[in-house]
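Please look first at the sequence and the model below, and then read on slowly, with the structure open beside the text.

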Amino acid sequence: MRVRSALLAGVRGLWLAVFGIVGSVVLFTLAVVSISFMLLGIGVLTTPVVLGAVRAFADLRRVQAAEWAGVRIPTPYRRPLPARRGGVAGQVELCSALLKDKATWRDLQWLLVDMTLGAVLALLPAAMLLYAPWGVVVASGVWKPLVRTDGTFWFLFVPVTGQDTAYLAAAAGVTLGVVGLFTGPALLRAHFLLAEPLLRPTRERELALRVDHLTESRHDVVDDSAAALRRIERDLHDGAQARLVAMGMSLGTIEALVEKDPAQAKRLLAAARADSAEALTELRDLVRGIHPPVLAERGLADAVRALALRVPLSVEVDVELAGRAAEPVESAAYFAVSEVLTNATKHSGADRVWIDAHHAEGALRIAVTDNGRGGASVAAGTGLLGVERRLGAFDGVLAVSSPAGGPTMVTMEIPCVLS
């Protein structure tokens, strides 16, 4: 396992070093030239394209940092940029927005770091591993033509002049390779940590992005609340209210018939009793849709188990929670799971579902997996967008993995504490 991790770090580091140097040098040069040529007018056309490529290159590095070293670097850019419009005025506006964004200049600073110290750090994992076989090759006799050609051959800090010093060089190379086995992943992580201060948002930008996120979340919550109120009003009007009105009319008829036609009155009374039972059932379902009693009384774990029992699929539930989260968090998590289960039932073609929920590292994590046909996405209009908005109100995130042919895994994470 350690050897595999070290080899993987070496390959990735070599790729970062080579591609990083080429990409950083080319993009930095193009950016400087393009910005300089803005005075001549040409740069107005080229700068948005070049800076867009710089941002794409930086975003790629952010993704690699998260996937290869677990270093999460948020995106610092202002969004959205002005819409592309035809004419010089539109290009000038877009250039102005890009150049006024401090993240643009921090990206250019990062390119300088990436092509120098960053490239060295990325190259070290591969270089340390390669020195081990190279030392053995040198000791096997390759040192002889090297010494004859140059007069002196240095292997690391070892001057190779004969077979004895060649063995010493091999020992040094193997030692360095062993050190690389233990330090390669750490050096790769150091490469990304070096880039993090320049690629992540500044404190001021983080606060600005946070305000934007809260504003958007507030609008989403208001929209969801309004939609929920309309749904409750519709359900009451079309369901329980209609039945209660019908029951009142039936009771009026019964009052008129109770002496004239007792048998008919009894039949109407039985029908009114059935209407009252159905109205009570609909009211209970409506209350369960607002805030399920089992959630309030027994917590999220039992509420999810009860939810799984009502789904016409085979559902395995594994919930490990050492306490209870805040009531709004539990409610958001419950209805998120409910929506995902509804999607699995209606759209996935699955016959089995697995629910895993636990609390770790200050967050409630829930994964719902089904063995359906796949193809689910937040943009597909299957309710996942609403789930994402609901979770966003609590700084939660939603991730969907649903390749064609399945399986589909919907992962939800909500920061919270348990009491």
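The report below goes through a sheet, its helices and the nonpolar cores.

This is a predicted model, in which local features need pLDDT of at least 70 and side-chain atom pairs count only at pLDDT 80 or more, while totals for chains, interfaces and linings use all residues. Residues are numbered from 1 along each chain as its sequence is written, and side-chain values use heavy atoms, with hydrogens and water left out.

**The sheet**

Helices (H or I, at least four residues) and strands (E, at least two) are DSSP runs, numbered from the N terminus, and two strands pair if DSSP finds at least two bridges between them. Five strands make an open sheet with mixed pairing, in the order S3-S4-S5-S7-S6. Strand S3 (314–320) and strand S6 (397–401) are at the edges with a single partner strand each, so one side of each has no neighbour in the sheet. From one strand to the next the twist averages 10°, where axes are lines fitted to C-alpha atoms, for helices over the stretch in contact, and angles run from 0 to 180 degrees between N-to-C directions.

Strand S7 (residues 408–415) is joined to S6 by five bridges, and the two run antiparallel; Leu398 stands opposite Met412 in S7. S6 and S7 form a hairpin with six residues between them, and Gly405 in the turn has a positive phi of about 95°. S5 and S7 are also antiparallel, with eight bridges, and Glu413 in S7 is the bridge partner of Arg365.

**The helices**

| Helix | Lies across | Angle |
|---|---|---|
| H9 (residues 300–309) | S3, S4 (352–360), S5 (363–370) | about 175° to S3 |
| H11 (residues 384–392) | S6, S7 | about 150° to S6 |

Helix H10 (residues 327–348) is followed by Gly349, whose phi is positive, near 70°.

**The cores**

A nonpolar core is a set of buried Ala, Val, Leu, Ile, Met, Phe, Trp, Tyr and Cys residues joined through side-chain atoms within 4.5 Å, and buried means under 20% relative accessible area (1.4 Å probe, protein chains only). The largest nonpolar core has 35 residues, and those with the most contacts inside it include Val337, Ile366 and Met412. H10 gives the most to this core, with nine residues. Leaving aside neighbours within four places in sequence, Ile366 is in contact with residues including Val337, Ile355 and Met412. A second, separate core has 28 residues, among them Phe57 and Trp110.

Terms used: Contact = heavy atoms within 4.5 Å. Buried < 20%, exposed > 50% of the residue type's maximum accessible area, 1.4 Å probe, protein only.
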